[in-house]
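Visitor: I have the sequence and the 3D view open, and I would like to learn how to read them. Could you walk me through it?

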Amino acid sequence: MIVRPKGTKDVLPAEAGLWQQIEAAARQMAEEYAFGEIRTPVFEYTELFSRGVGETSDIVNKEMYTFLDKGNRSITLRPEGTAGVARAFLENGLMGGAMPFKAYYLISAFRYERPQAGRLREFHQFGAELYGAAEPFADAEIISYADGFLKRLGLKKVSLLINSIGCKECRKKYHEALKEYFRPHLDEMCGDCRTRFEKNPMRILDCKEENCKKYTACAPKMLDYLCDDCRAHFESVKSLLTAAGVQYTVDPSIVRGLDYYSRTVFEFTSDAAGAQGTVLGGGRYDTLLEQMGEKPVPAVGFAAGIERLIMVMTAENAAFGGKRRGKCYLLGMDETSRKTAFTLAQKLRGAGIPCETDLMNRSVKAQFKYADKSEARFVVVLGERELAEGTAQVKDMKNSSAESVKLEELCQYLSGRIDL
Ligand code: HAM
């Protein structure tokens with residue numbers, strides 16, 4: 001048997017309902033916040049990610065699915081959504097349109113990571129990006145949006161951690177301080193950290209090696225090195241979040257794993273989200289477009305991992321979702337009523353009522369068994385007597401009760417009751 005590649009997952013119909021509900025909540029939130037959908041290619045030129053996500057990030061260094069296509073071009077399956085949206089924003093001249101530009105996406109993304117609970121090689125994200133607004137209001141809006149989305153999913157035990165990693169200017173001083181602090185320990189630290197020390201010492205703070213973590217815990221904090229503008233920006237973001245009723249904790253260890261961030265960074269974490277713990281992450285990235293060779297445009301955004309959301313929702317037993325549609329099963333007891341069931345099913349579907357009927361010439365007993373197994377909400381029984389009377393026996397599978405309903409009233413009867 002050919003099996004699926006390591007680190008991938010099949011979403012089977014039994015679970016797909018939850019995915020659809022999460023996606024529906026994401027789309028609904030996007031509409032409420034006035035974000036339009038954007039769809040960009042699954043693969044891009046590799047350079048987009050090496051320049052955008054950043055050469056010192058683990059994603060670019062170790063985790064990209066990169067290959068040469070038949071035209072000898074280096075192509076990469078997107079490891080995240082932000083860089084592709086930035087490219088589309090520039091390429092389609094959206095800078096000339098109404099600002100802020102606001103877009104959301106529901107995508108699959110690919111990272112060659114060591115698979116474990118909550119960490120896959122193909123995973124899915126709901127993300128949102130906002131361009132053109134440098135004000136703290138934009139950071140607060142994005143964070144409130146993310147917070148509202150998680151609340152709408154019924155999650156209660158996620159914590160919001162925020163930090164500021166300053167701008168290019170204040171980070172220079174900070175990098176010096178980090179180098180001074182780490183230099184005496186370099187020999188005991190991992191090879192990656194020694195490279196990070198040279199290229200981007202802040203990345204050391206994100207190292208997962210136990211031995212390196214010993215040193216990172218007491219390292220200097222970026223918050224102590226913020227310039228006046230960055231400090232004022234961070235204070236405003238915090239006060240806007242408080243005003244919006246969004247609870248947060250300032251955590252100086254949040255530096256994020258991608259190189260494009262500046263100023264505000266944040267993560268929503270949960271104990272139930274696997275070893276990594278982060279269900280949703282994001283921040284401001286005012287220099288990304290500049291890194292891509294264009295004029296700087298302020299931007300801020302977030303992305304949530306759908307698989308991790310599902311893990312956390314399951315662990316929290318989150319009370320989520322409005323009404324789900326149930327379905328009914330039309331059961332024909334003999335040859336003639338089978339045909340009636342078949343045509344009636346088309347009519348009910350036309351009226352928006354999900355229904356099924358027998359396609360396998362099954363006995364009445366086997367049809368009931370199937371209806372039960374496939375969790376039909378109602379079984380509509382049609383037999384010789386019912387057809388003669390122009391009625392159907394409608395069996396409520398939840399309450400184990402039955403009622404005789406006139407065929408011409410069946411649509412109305414079911415549509416009022418079919419929601420779960
Ligand atoms: P990220 O933190 O790399 O940020 O990923 C966002 C979310 O995607 C994570 O919090 C996690 O839930 C999920 N995720 C990441 N990697 C995996 C994986 N291997 N398996 C399962 N889930 C995963 C970004 O991607 C940024 N583009 C977010 C952003 C948007 N920043 C600004 N705008």
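**Reading the model step by step**

Guide: Of the 420 residues in the protein chain, 50% are buried, where buried means under 20% relative accessible area, exposed over 50% and partly exposed in between, with a 1.4 Å probe and protein chains only. This is a predicted model, in which local features need pLDDT of at least 70 and side-chain atom pairs count only at pLDDT 80 or more, while totals for chains, interfaces and linings use all residues. Residues are numbered from 1 along each chain as its sequence is written, and side-chain values use heavy atoms, with hydrogens and water left out.

Visitor: How many helices and strands are there in the protein chain?

Guide: The protein chain has 15 helices and 16 strands; these are DSSP runs numbered from the N terminus, with helices (H or I) of at least four residues and strands (E) of at least two. Along the principal axes, the C-alpha atoms fill a box of roughly 90 × 50 × 45 Å.

Visitor: How do I read two packed helices?

Guide: Two packed helices are described by the angle between their axes and the distance between the axes. Here, helix α1 (residues 13-32) packs with helix α5 (residues 136-152) at an angle of about 140°, and their axes are 10 Å apart. Axes are lines fitted to C-alpha atoms, for helices over the stretch in contact, and angles run from 0 to 180 degrees between N-to-C directions.

Visitor: Which residues of α1 and α5 meet?

Guide: Contact means heavy atoms within 4.5 Å. On the α1 side you will find Ile 22, Ala 25, Ala 26, Gln 28, Met 29, Ala 30 and Glu 32, and they meet Tyr 145, Gly 148, Phe 149 and Arg 152 in α5. Helix α1 also holds Ala 24, which is partly exposed because its relative accessible area is 43%.

Visitor: Why is helix α11 described as largely enclosed?

Guide: Helix α11 (residues 306-316) has 8 of its 11 residues buried, so it is largely enclosed by the rest of the structure. The buried residues include Ile 306, Leu 309 and Met 313. Among the elements covering them are α1, α5 and β5. After α11 comes Asn 317, with a positive phi near 55°.

Visitor: Is Arg 377 buried or exposed?

Guide: Arg 377 counts as buried because its relative accessibility is 10%. Look for Arg 377 in the loop between α13 (364-373) and β14 (378-382). The side chains of Arg 377 and Asp 396 are joined by a polar contact of 2.5 Å. A polar contact is a pair of N or O atoms within 3.5 Å; within protein, one must be able to donate a hydrogen and the other to accept it, and residues adjacent in sequence count only if both atoms are side-chain atoms. Arg 377 and Asp 396 are 19 residues apart in sequence, with their C-alpha atoms 6.4 Å apart in space.

Visitor: Which residues come nearest to the ligand?

Guide: Glu 80, Thr 82, Glu 113, Glu 129 and Tyr 261 come nearest, of the 27 residues around the ligand; a residue is near a molecule or strand if one of its heavy atoms lies within 4 Å of it. For Tyr 260, an N or O atom in the side chain is 2.9 Å from a nitrogen atom of the ligand. A polar backbone atom of Gly 305 is 3.1 Å from an oxygen atom of the ligand.
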